[in-house]
Amino acid sequence: MTTTPSTAATPVADSWSYGSLWRRVPRALGYLIPTFLIAIAVSAALTSLLSGAVSLLVFIVGIYLVALTLLLARYAGQFEIVRLRLSGESPIAQPVWPSDPTMVWWKRWLRPLANGRYWLSLLHGAVIAPIIATLSFVVLTIWFSFIAVAVALPIRLAIVGPELWAIDSTDPDWVIANGWLERVAPTLAVVAIVLGVIALVTLPYVLRGMTWLHAAIARPFLGRFTNEQLEQQVSNLFTSRQAAVAAEGSALSRIERDIHDGPQQRLIRLQMDLAAAERRLADGTADPAEATSLIQDARRQAQDALDELRNLSRGFAPPLLLDRGLFAALESLATRSSIPVTLETELGATANLPDEVARNAYFVASELIANAAKHSQAGGITLSVTTADGALVVAVTDDGVGGAVEKAGHGLVGLRDRAAGMGGDFTLSSPEGGPTSVTVTLPLAGVGAASTTAGTAPEA
């Protein structure tokens, strides 16, 4: 087993901190510089199409041209959402665009006319976006002009010097003006430099403010309505609840089957052996060696039943997980595997994780390693546990034969239900010939308090 621990992931810095803003300058410029041209081009195209469609409304083709304009406005809005996300702004949840391939083609074409989302996209692309783009273009032009003057003017004065003003010494009016300019030139240079420095220092805030303004205005026009978000959340919660119930039912069925096939049968055999030994001891003519042999068999059955119960208990929450946290439990899990396991994790020994996340992460890792050891014919397994975007990511990869599929009632389906029950994701990749990779994402927020025991360093 190889372990590569590190400290837990540090939280993302505030997006309005000065250092973070400077790091986002290239992305902000990549969004803002072409925005004016894009907005004007999109506005011109949409207004031209709309005016042409309105002029043709007396014909049937005009109605379809309006629908085409709305469809183009929708795609232009989606393109703007992608550009804003690439600029570093918070993602805008796109609306749910209904689609029914079975609908008659002319009804599908006319559907945008009755959907208010299309009209909002048209309003944004044709009117709102050009106004905001023009404002941001003017602000950026002023700011970069200050910076350019602050750089160019001192260089110009240093190169040309007093000859800058001595153009026509024979003109009395120019001599007077030249004298005045020579006196105020140093002051102008200082003012230009100061304004340029201020513009350079505040440039990250200006760029961030412009991109934020574009995103704030685009969100109500191009994003999902609040009631749509609530409906989606309710739907996700309902799906998660069903998945959790299904996962719990599958786990209970598996536990019942394992207990029935293992410890229960051994305990019945133990009871029969003890009863037989009791009868032989009660019979005065019986050989005591036979009773002793039966008692020894009963002891072996009891030990086997105890071992199986311990193995089953590992599927719930081993004491090591409760006492020393997920990192130590995963190290122990990797050590016990029949196939060599390489543990790659950024979780430190004192990682402070919610109890429910730690328990489910251990169960997922245990189940995936057991499946790989049982079915993959692998020579090595890699267990990776990291944090990303407010979630714990558990990934198990083996170099086996591949071909793993999800079947009802089997372990992989149960793991998918378990992940969905916590609001997480389950991803399986297992081409024929391998490798097999399973990634389970478990959100860290909203699942209960962090473990107090896992937050303390393990005793030496």
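**Close-up views of aromatic pairs and a helix contact**

**View 1. Ring pairs link Tyr-18, Trp-22 and Tyr-205 into a cluster.** Rings of Phe, Tyr and Trp (its six-membered ring) count as a pair if their centres lie within 6.5 Å; planes under 30 degrees apart are stacked, over 60 edge-to-face and the rest tilted. This is a predicted model, in which local features need pLDDT of at least 70 and side-chain atom pairs pLDDT 80 or more, while totals for chains, interfaces and linings use all residues. Residues are numbered from 1 along each chain as its sequence is written, and side-chain values use heavy atoms, without hydrogens and water. Three aromatic pairs are found in the whole structure. Tyr-18 and Trp-22 form an edge-to-face pair, 6.3 Å centre to centre with 90° between the planes. The two residues are four apart in helix H1 (residues 18-23), and so are separated by about one helical turn. Helices (H or I, at least four residues) are DSSP runs numbered from the N terminus.

**View 2. Phe-36 and Phe-137 form a stacked aromatic pair.** Phe-36 lies in helix H3 (residues 35-55) and Phe-137 in helix H6 (residues 116-160), so the pair ties together parts 101 residues apart in sequence.

**View 3. Helix H12 (residues 326-336) meets helix H13 (residues 355-375).** The helix axes (lines fitted to C-alpha atoms over the stretch in contact, with angles from 0 to 180 degrees between N-to-C directions) come within 10 Å and cross at roughly 10°. H12 and H13 are therefore roughly parallel, a term for angles under 35 degrees. Contact (heavy atoms within 4.5 Å) involves residues including Leu-330 in H12 and Tyr-362 in H13.

Technical notes. Parallel < 35°, antiparallel > 145°, perpendicular 65-115°, else oblique.
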